[in-house]
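Could you walk me through this structure, one step at a time? I'd like to start with a single residue and then zoom out.

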Protein chains: 2
Amino acid sequence: MADASNSVPTSARKTDIPDIDGATADVAITTGPIRGSSKTYQQIDHLRVPGRRVHLSNGEHLDLYDTSGPYTDADPHLDLEAGLPRTRDSWNRPDPVDGASTQLAWARAGLITDEVRYIAAREQMTPEFVRSEVASGRAVIPVNHHHPESEPMIIGKAFTVKVNANIGNSAVSSSIAEEVEKMVWATRWGADTIMDLSTGKDIHATREWIMRNSPVPVGTVPIYQALEKCGGDPVKLTWEMYRDTVIEQAEQGVDYMTVHAGVLLRYVPLAANRVTGIVSRGGSIMAAWCLAHHEESFLYTHFDELCEIFARYDITFSLGDGLRPGSIADANDAAQFAELHTLGELTKRAKAFGVQVMIEGPGHVPMHKIVENVRLEEELCEEAPFYTLGPLATDIAPAYDHITSAIGAAMIAQAGTAMLCYVTPKEHLGLPNRDDVKVGVITYKIAAHAADLAKAHPRAQERDDALSRARFEFRWNDQFNLALDPDTAVAYHDETMPAEPAKTAHFCSMCGPKFCSMRISADVRDYAREHNLVTQDDIDRKLAADMADKSQQFLDAGAQVYLPLDTVGTP
Amino acid sequence: MADASNSVPTSARKTDIPDIDGATADVAITTGPIRGSSKTYQQIDHLRVPGRRVHLSNGEHLDLYDTSGPYTDADPHLDLEAGLPRTRDSWNRPDPVDGASTQLAWARAGLITDEVRYIAAREQMTPEFVRSEVASGRAVIPVNHHHPESEPMIIGKAFTVKVNANIGNSAVSSSIAEEVEKMVWATRWGADTIMDLSTGKDIHATREWIMRNSPVPVGTVPIYQALEKCGGDPVKLTWEMYRDTVIEQAEQGVDYMTVHAGVLLRYVPLAANRVTGIVSRGGSIMAAWCLAHHEESFLYTHFDELCEIFARYDITFSLGDGLRPGSIADANDAAQFAELHTLGELTKRAKAFGVQVMIEGPGHVPMHKIVENVRLEEELCEEAPFYTLGPLATDIAPAYDHITSAIGAAMIAQAGTAMLCYVTPKEHLGLPNRDDVKVGVITYKIAAHAADLAKAHPRAQERDDALSRARFEFRWNDQFNLALDPDTAVAYHDETMPAEPAKTAHFCSMCGPKFCSMRISADVRDYAREHNLVTQDDIDRKLAADMADKSQQFLDAGAQVYLPLDTVGTP
């Protein structure tokens, strides 16, 4: 793989970030607009809804959904220590309904919240449609009241497919500053949410920096921090220790939490004869606890208390699949689907408390077993948004698992998954660095967008069409700027044709100046237009009428054109 | 993207290649075994069938299909100027049947050729099954009698999905030596065939070097060279010029040729209102010729003569899709499917001459329109092997089109495509270099293998299972060596944990030494085995029986184990 994605974007700048001890760290934050784009804000009453506008050389533009927060403003006013503005603090917040201050409770009560209106503008849907999807539980809006810096977004299969990026340090690598930059970097390239999976020291401080500076919802797995509190020994975990950790994180503003409450004692031995056993970290922690105590999981037995906490802050459950398959061999097995049944039961319990729910899914699944996962999840979990990790469609390509999993991700999203958890090239091998994060996000934006197209989401094809038109008309800069990653597209083009005139030339490096199939096509179009040829009948009539004389005319007019290869693809 | 794939494989060596003028070029050929593997040869009478054996640290091994030729032998005896040994010259060749000296004619006559026996051994199928698939036209064996250096292989949906890598220089880049190394490099990583799409100077000499040194079938698009002969002006093309080019290439040993004989005059205007017109180079050349002369394509009118030539050498038709869509907007349109109908007619004509046929397919197709392409191709073209370029599932990610297309490729292969033409990260932007070739091949091996799994191809899952078991048992080197790209897997792992002991450690960089879900799983397995727990009933009985005392036993025995994250994936 070439390393062009390392390059600093044309208009990106770096802002120093102080490290936790007040010293300035080596890592800086990437700011400034994405190549060829500017930030837009749509004002709806007191709501200021962000967007991104790609400016085209023909005077047109394309407006895109934007996840990047103020960091991509032309002149961002950032104070990382103070955090982003606490915008949502000034929004209207309805009174609790049946004890729940949640988007679900309000939506069921028929209330259109500011968050719903904001999202309706972003998604270009009506507020009423957004509300109804939330009320039915088919969509969630992860917005902890204590994360007022976030720009509300929605996860549900009626909306564009979303992408989550995992970040977080571990015992053996990375600093807080690096993790904050990973968050900014991931959202720059389109991550809709991020999960902080830190397991090393400074979990609380790392999360605080991320929360206060994150424009997107942040998810966590509280059991990781709880485990740190008991020295890494799962047997010493208690409900009280876990509950206090959840409250600590709730106070910081965590928007959704992964809870592996479906790993029941009696399911654990079902994983015994698997090729890869239990591969979920949370799942294995709870399995170890259950077996050691020979008791039912405290996450399951105390689930109602958890719901009460979540209802106060409006934290969304991400019900974890602790028994998800870790290999092709283990896909769709008894352990996995037993747990899914329990997640269905927990979904109903959580919703009874007014708490929003999404369901996590696999993992490693061969293509022919993917759709069954979605159908079963929808059936058992009342169509709660499905949130899947890939799945990887084969196990044989470590170092390329962003690709093995993008195949599965695109297919499972087409079938109805609402959010995809990215996988980076480092999966199974190490922790992702900044470059891996970008590759992971872009790869998953591809999978998500491919699914949007396949689901015929309104407006999804606009970007494809705009880019294809730019390609056809040799508007090279427009093609780059409409791409998911303009910087790498430019870099690859410039490897063979760096000169600025090449970006307006009616040819490219694949064929050189003498050939161009695109150019021939333009001639075909001119010919058809000139002679009013639309249907096959028109064409046949025309051809019969003037087989001979048109020949000479075409020869005179334009046959001496450039003739090129569109690609070095199939000839 | 990181640049680890640039690294020279552990056991790879470099052999200088003389340039065409006799001087030694800068580029060397990569030789030597792939990491952790050795070359095997199975002797069946006078046939010596190659394979690759991955040696595992637990004393086991896994045998794999191998495409790399003698270059990966432990001690290869190579003479690039002389070329590879002309092995097939000494094989038995049956007499022509009805004028055709082709695998198709012989298979129909019930003859089991040496090529069929060789392929049966490689594919682990019976010779009779291989023969019957060829006889029905559902599979092809591209083996020009003048390419005796090649190791026969088969393309058909009953066999493993194959991958083609395009190489070739153009007017603006690359040398012969580079192209020969790209061929060796592509087959090292698993390319089953290569196409030489050279368009610059020295087309004949470049092809001669590639042919004489290629262990895999080589495909070309003769119209490219024919066009060079008339100075790049498609209007000056004639049937005679084209025919002579085909014979020149046939004499050199080209195994299959792309022929865009389905681009009929009356179809051309159907492309006029497309977003991206005609993007196939061959298609646009013929469209320009047809419009300029107002005559039917000479490829179509002289198709029978072409069949007679192909039948003499046993060249396989790859009937080109000159009107394939170049964007999501143009997928499955009237122009594309009109041409496909004509390809169906040409398939029947070619087979009547005893000539083998495969059919080229798109291109750019959104996921929900992919399967229709396969069904229509099978219906119209008598299930001739489908050979598709991706397709790209979205247009919005130039620089990542290996990924956008791997999604479509995996799906179309699952539906029945027999060979996938790779797409590299440089698609639409420039010509692929050596690194791009590797990324393209590995990405397409992923798509092909994912489809083999989804089609439940016998033995496909063996490699996944072997790798997953190695992963579960912390046999790091085995995991790397079983991977499609061991070198990059090692490089990524070593970024965080380079020390040799880390490769046998029961933990990895994701969690560090203190945590390991894989380790917990092993404990669960031990527990279940000890107590004979297989079904959910066993488990429930056991749990009821000894809820209390087992708890202490597990605590004593192994609960104090490492607890880690399998990945930084979903928690």
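Let's start with His364(A). In this predicted model, His364(A) has a relative accessibility of 6%. Anything under 20% counts as buried, so His364(A) is buried. Where does His364(A) sit along chain A? Look in the loop that runs between strand 13 (357–361) and helix 12 (370–380).

Now check what surrounds it. Setting aside residues within four places in sequence, the contacts of His364(A) include Pro325(A), Gly326(A), Ser327(A) and Ile328(A), and also Pro391(A), Leu392(A) and Asp395(A). Chain B joins in too, with Arg471(B) on the list of contacts.

His428(A) lies in the loop between strand 15 (419–421) and helix 14 (434–454) of chain A. Is His428(A) buried or exposed? With 4% relative accessibility, His428(A) counts as buried. Its side chain also makes a polar contact with the side chain of Asp401(A), at 2.8 Å.

These two histidines also turn up together in a record: an unreviewed UniProt entry lists His364(A) and His428(A) under "binding site". They're spread over 65 residues of sequence, yet they cluster in space, with a largest C-alpha distance of 12.3 Å.

Time to zoom out. Chain A has 571 residues, and 70% of them count as buried. Its secondary structure comes to 20 helices and 15 strands. Take the contacts in chain A between residues at least 6 apart in sequence: 72% of these join residues at least 24 apart.

Key
Residues are numbered from 1 along each chain as its sequence is written. Chains are lettered from A and ligands numbered from 1 in the order in which they are written. This is a predicted model: local features need pLDDT of at least 70, side-chain atom pairs count only at pLDDT 80 or more; totals for chains, interfaces and linings use all residues. Side-chain values use heavy atoms; hydrogens and water are left out. Helices (H or I, at least four residues) and strands (E, at least two) are DSSP runs, numbered from the N terminus. Buried means under 20% relative accessible area, exposed over 50%, partly exposed in between (1.4 Å probe, protein chains only). Contact means heavy atoms within 4.5 Å. UniProt positions are given in the numbering used here, feature names are shortened, and annotations may be inferred rather than shown by experiment. A polar contact is a pair of N or O atoms within 3.5 Å; within protein, one must be able to donate a hydrogen and the other to accept it, and residues adjacent in sequence count only if both atoms are side-chain atoms.
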